[in-house]
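This report goes through a single model, section by section. The sequence and structure come first, followed by the notes.

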Amino acid sequence: MSVRTVEPGSTLGIVGGGQLGRMIALAAARYGLKVHVFAPDADSPAFDVAARATRGAYDDAEALARFAGSVDVVTYEFENIPAETAAILASGAPLHPNAAALATTQDRLAEKTFVNGLGIPTAPFRPVDSGDDLDRALAAIGRPAVLKTRRFGYDGKGQRMIGREGAVDRSSIMAEFGGAPLILEGFVPFEREVSVVAARGADGSFAAFDLCENEHRDHILAVTRVPASGVAPETAASAVEIARRIAEALDYVGVLAVELFLVRENGTERVVVNEIAPRVHNSGHWTIEGALTSQFDQHVRAVCGWPLGDASRTGGMAVEMHNLIGDEAGGWAEILARPGAHLHLYGKGEARPGRKMGHVTRLIP
Ligand code: AMP
């Protein structure tokens with residue numbers, strides 16, 4: 001696919017107004033681009049840093065078409081963009097990453113089927129649309145297992161463990177999900193969770209950041225450490241190769257993240273894909289200071305058809321990124337006083353529990 005190069009001074013459209021959109025907009029501004037953000041909420045964090053903001057619903061065809069007509073290239077900061085919305089955007093301006101990447105990654109069943117189709121391992125899985133399906137899936141996969149909604153899950157929402165022991169009340173479990181299409185996944189006994197954040201350019205070039213190790217609390221990313229500790233270089237290389245093959249197969253342009261489980265069995269290490277995020281990712285925030293090109297710079301370069309930057313770590317240093325969740329952001333003054341702490345606040349009003357309010361990055365010489 002050929003991608004028209006977008007010149008500095010052009011307008012980048014971003015669909016979605018959260019912190020990811022905000023940080024893409026900041027990177028775009030530094031490259032002399034204008035940014036137009038489309039998001040439904042009046043208090044979207046990305047609106048504060050964009051030249052233009054349109055407040056509109058993701059199913060408002062007219063507003064979307066006007067928005068797409070006003071930009072030179074369009075990207076997005078979240079994957080739950082309906083296919084019809086993606087089609088409207090793509091008819092007004094080049095859409096990167098493409099609509100097929102969205103369709104594949106916004107449905108866990110399509111995503112895992114696609115990944116397995118490339119010969120890349122995931123947890124075993126079965127679609128579940130009824131109580132009978134659930135029985136059959138449990139019989140095929142065994143327990144423990146994780147039942148998830150196929151779409152719209154994030155930060156552990158829309159999922160439920162089914163433990164090794166105990167009765168399974170299938171009708172109450174099915175009722176809990178309110179008829180949403182589901183997927184049952186075998187539980188992966190992982191040692192740690194890692195991710196690859198990488199970019200594919202319009203010319204097919206590929207650049208991956210070093211493997212990230214991610215620690216979650218209450219299903220929300222709490223800390224990312226780079227490089228991932230205790231991972232053999234060959235394992236890290238195989239994770240990067242998986243991301244490259246996924247990006248290639250999707251004819252992907254932009255930054256993507258591949259979340260993986262690291263499994264250790266009988267002394268051997270392997271990685272299993274959990275999820276693909278077709279966008280910049282929380283586990284890549286450390287790259288703003290910790291890499292020679294940040295994930296946001298890299299994404300802007302890719303979607304504009306520009307050369308990718310150097311993804312190596314700054315001075316080869318190790319990096320640690322802590323999310324500021326809920327009222328943790330109230331400690332901003334104390335964080336500012338810490339030598340070497342890079343504070344990022346997203347400008348969100350209310351510090352609700354579980355809400356990502358900012359992050360802090362530290363480079364470790
Ligand atoms: P997800 O929304 O799929 O990223 O899942 C959120 C978190 O739940 C993951 O980061 C894991 O900690 C855990 N998890 C999800 N699926 C599985 C699985 N199949 N096996 C083990 N843990 C899982």
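Thr122 has a relative accessibility of 13% and so counts as buried, where buried means under 20% relative accessible area, exposed over 50%, and partly exposed in between (1.4 Å probe, protein chains only). The model is a predicted one: local features need pLDDT of at least 70, side-chain atom pairs count only at pLDDT 80 or more, and totals for chains, interfaces and linings use all residues. Residues are numbered from 1 along each chain as its sequence is written, and side-chain values use heavy atoms, with hydrogens and water left out.

Thr122 sits in the loop between α5 (108-117) and β5 (125-128). Helices (H or I, at least four residues) and strands (E, at least two) are DSSP runs, numbered from the N terminus. The side chains of Thr122 and Asn116 are joined by a polar contact of 3.1 Å. A polar contact is a pair of N or O atoms within 3.5 Å; within protein, one must be able to donate a hydrogen and the other to accept it, and residues adjacent in sequence count only if both atoms are side-chain atoms. Leaving aside residues up to four places away in sequence, Thr122 touches Lys112, Val115, Asn116, Val272 and Val273, contact being heavy atoms within 4.5 Å.

Strand β13 (residues 254-265) pairs with β14 in the antiparallel sense over nine bridges; two strands pair if DSSP finds at least two bridges between them. The two strands form a hairpin with two residues between them, and Asn266 in the turn has a positive phi of about 45°. Eight of the ten residues of β14 (residues 268-277) are buried, so this strand is largely enclosed by the rest of the structure.

## Val231

Val231 is located in the loop between β12 (220-226) and α8 (233-249). Its relative accessibility is 14%, so Val231 counts as buried. With residues up to four places away in sequence not counted, Val231 touches Arg192, Leu211, Ala236, Leu262 and Glu269. Arg192 is 39 residues from Val231 along the chain, and their C-alpha atoms are separated by 9.7 Å.

## The parallel sheet

Four strands form an open sheet in the order β3-β2-β1-β4, with parallel pairing. Strands β3 (52-55) and β4 (73-76) stand at the edges with a single partner strand each, so one side of each has no neighbour in the sheet. From one strand to the next, the twist averages 20°. Strand β2 (residues 34-39) is joined to β3 by four bridges, and His36 has Arg52 in β3 as its bridge partner.

Helix α1 (residues 19-30) lies across β1 (11-15) and β2, at about 175° to β1. Helix α2 (residues 61-69) lies across β1, β2 and β4, at about 170° to β2. Axes are lines fitted to C-alpha atoms, for helices over the stretch in contact, and angles run from 0 to 180 degrees between N-to-C directions.

## The ligand site

Which residues come nearest to the ligand? Of the 16 residues around it, they are Arg108, Lys148, Val188, Glu193 and Glu275; a residue is near a molecule or strand if one of its heavy atoms lies within 4 Å of it. A polar side-chain atom of Glu193 lies 2.5 Å from a ligand oxygen atom, and one of Arg108 lies 2.9 Å from an oxygen atom of the ligand. A backbone N or O atom of Gly186 lies 3.0 Å from a nitrogen atom of the ligand.

The protein covers 91% of the 470 Å² of accessible area that the ligand has on its own, with areas from the Shrake-Rupley method and a 1.4 Å probe; for residues, only the protein chains shown count as cover. The elements giving two or more residues to the shell around the ligand are β6 (145-149), β8 (182-186), β13 and β14.
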